[in-house]
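The sequence and the structure come before the notes.

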Amino acid sequence: MSQKHATLLVLAALIALSPLFFPSGYYYRIGALMFVNALAVTGIVILTGYAGQISLGHAGFAGIGGYACALAPVHWCLPPALAVVLGAAISAVLAWLVGRPILRLKGYYLGVASLGFGILVAMVLNNERWLTKGPDGIEVPDLGLRGLLKDVGLDLSNGEFWYGLTGIALLVGAWLALNLYHSPTGRALRALHGSEVAAGTVGIDVARVKLQAFVISAVYASVAGSLLALQNKFITPDVAGFMHSIEMVTMAVLGGVGSVPGAVIGAGILTLLPQVLTVFADYEQVILGLVMMLVMIFLPQGLVPSVLRKLRGKDE
Amino acid sequence: MSLLEIQGLGISFGGLKAVQDVSFKVEPGEIVSVIGPNGAGKTTLFNMISGVYQPGAGRVVLDGQDVTGMEPFRLAARGMSRTFQNLQIFQNMTVLENAASGFHLRERGPVLADLLNLPGARRRARAAEAGARALLARVGLERAADRQAGNLSYGSLKRLEIARALALQPKVLLLDEPAAGCNAVETEEIDRLIAEVAASGTAILLVEHDMKMVMRISNHIVVLDHGEKIAEGAPLEVSRNPAVIAAYLGTEEATHADG
């Protein structure tokens, strides 16, 4: 209980105080990017860390969330804020449709099915030019909230605004995920992760709770995709691409897939690292791969759980 | 009508009849043991009764309702729970959480309430934890409540698994070799626990190799050999049955012949 509040407090403090050390306005943008990634990865933590299920197509949901914000305001005159909700709803329904037949099976079928789903979404976004304008991407309307804030006397720069908004979104996402962890549903998810057979004998409808986790994590990815699109005011089909799906899983695994702080740190590092590594230009990918390998070899549980264990000693 | 009725249950694996036409009854508060030489089909029978395998023939009737081949989580809701020969513990959770997960059917609620940590969700989680603590005390694990389940001794895990199954307040509890791998002291503890549970009205169906334990605590014994029921009755009766003695002595020869 107290651990949950401590985690949230530390996260809130980090978000609020980091700008004091920003050398330039550019860092607000990197911060916002980090928070959006961390939000999507928090969804992966629920799916993979709590429930032990693997998705290789979560970028598909990010794509749906992103393009909902690009298309719904233009075609249906929906306010962008509601487009976020619409995207989340579509993602939830699609996750339910994809997950329902698949999650009755044991094993890694979800990984393959979600991979196919992600590729399908990316293909549609690339090819249906009449709607999505294809691989070159499409403009996304302004959220409009910054103007409203300005009217009530809160004049923020674009960078500051998005830093704040995505930071709040991450805090809410982390709060929900931590609530879930200790709740009856979270306990059921972690139980089936431990042993599906035993989960059945205590009355857990394994297929059903897995589906719940998949839908929840899809909504996380969708909202993250929406925030990314709104922030950039532009979106390309890459957001739904396979590489983005892999990136999400990698961030979760790097930080420690079972923990919400792990999601934040994994997302933080893998968002920052490419910025730092631009100095090394051609070797950026090599260094990134090497870091991943070293972490997996020496800290197979991921950064946060491994470091925590070292700090606590071996008494656990 | 009995609490649990096994009627002509049978299953084949690729032409091999693993279990054939087994019938018996279990009454509330009774301890019924299924014994037999290795490979007699005891665990297969258990897996059919508990919904892990679909029986090829026969019926399982629980409390007057046909529950044949029903999935384990549905059986749990109808009052049947079980433990496993090769422990099935949630190693990734604490001892308390393991026991609390047994309250799933009573503590579950809307996911949205759980996500938002609404008072109802908090109340449900607290009730499950309180219940779990009481159960841990009952099996002598209250001091281990906050430890990772994976760090417990084998005997403790056996008791934890029973505690988790008891959380469901089952009408019938299936125990698959609860004392396997336990030392004499641990066996005696489990022994006592089973007797207590039965005394509280829960029917117990037991598969066990420890013959001394079986003879001591069972009200009724069903003997399987080569997938068929060869004898049934009170412990003394069964131990004197020539067919049973032959089955147990005969296995050694058969094993030698096979090997």
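In this predicted model, chain B is divided into two parts: domain 1 takes residues 1-79 + 170-259, and domain 2 takes residues 93-168. The centres of domain 1 and domain 2 of chain B, taken over C-alpha atoms, are separated by 28 Å. The contact between them takes 13 residues from domain 1 of chain B and 11 residues from domain 2 of chain B.

**Domain contact, seen from domain 1**

- On the side of domain 1 of chain B that touches domain 2 of chain B, α2 (72-77) and α8 (184-199) of chain B each supply at least two residues.
- The largest share of that side of domain 1 comes from α8(B), with 5 residues.
- By residue class, the side of domain 1 of chain B that touches domain 2 of chain B holds 9 nonpolar, 2 polar and 2 charged residues.

**Overall form of chain B**

- The secondary structure of chain B consists of 11 helices and 10 strands.
- Chain B has a radius of gyration of 19 Å, which agrees with the value near 18 Å for a compact globule, because that is what 259 residues would give.
- Along its principal axes, the C-alpha trace of chain B spans about 60 × 40 × 35 Å.
- Of the 259 residues of chain B, 46% count as buried.
- Contacts in chain B between residues at least 6 apart in sequence include 67% that join residues at least 24 apart.

**The open sheet β2-β1-β4-β5**

- Four strands of chain B form an open sheet in the order β2-β1-β4-β5, with antiparallel pairing.
- Its edge strands are β2 (16-26) and β5 of chain B, each of which pairs on one side only.
- Strand β1 (residues 4-13) of chain B runs antiparallel to strand β4 (residues 57-62) of chain B, and 5 bridges join them.
- B:Gly10 stands opposite B:Ala57, which belongs to β4(B).
- Which residues of β5(B) face β4(B)? B:Asp66 is the bridge partner of B:Val61, and B:Gln65 stands opposite B:Leu62.
- β4(B) and β5(B) form a hairpin with 2 residues between them, and B:Asp63 in the turn has a positive phi of about 55°.

**Strand β9 and its neighbours**

- Is strand β9 (residues 220-225) of chain B mostly covered or mostly open? Of its 6 residues, 5 are buried, so the strand is mostly covered by the criterion that 20 or more other C-beta atoms lie within 10 Å of a residue's own.
- Strand β3 (residues 31-35) of chain B runs parallel to β9(B), with 4 bridges joining them.
- β9(B) is also joined to strand β10 (residues 228-233) of chain B, by 5 bridges and in antiparallel fashion.
- B:Val222 in β9(B) stands opposite B:Val34, and B:Val222 also stands opposite B:Glu232 in β10(B).
- β9(B) and β10(B) form a hairpin with 2 residues between them, where B:His226 in the turn has a positive phi of about 50°.

- Strands of a sheet pair through backbone hydrogen bonds, in either a parallel or an antiparallel sense.
- In a regular strand, side chains alternate between the two faces of the sheet.

Definitions and conventions
Residues numbered from 1 in each chain as written. Chains lettered and ligands numbered in written order. Predicted model: local features only at pLDDT ≥ 70, side-chain atom pairs only at ≥ 80, totals over all residues. Pairing = 2+ DSSP bridges. Buried ≥ 20, exposed ≤ 12 C-beta atoms within 10 Å, placed from the backbone. Domains from an automatic or database assignment. Contact = placed C-beta atoms within 7 Å. Nonpolar A, V, L, I, M, F, W, Y, C, P; charged D, E, K, R; others polar. Rg over C-alpha atoms; globule rule 2.2 N^0.38 Å.
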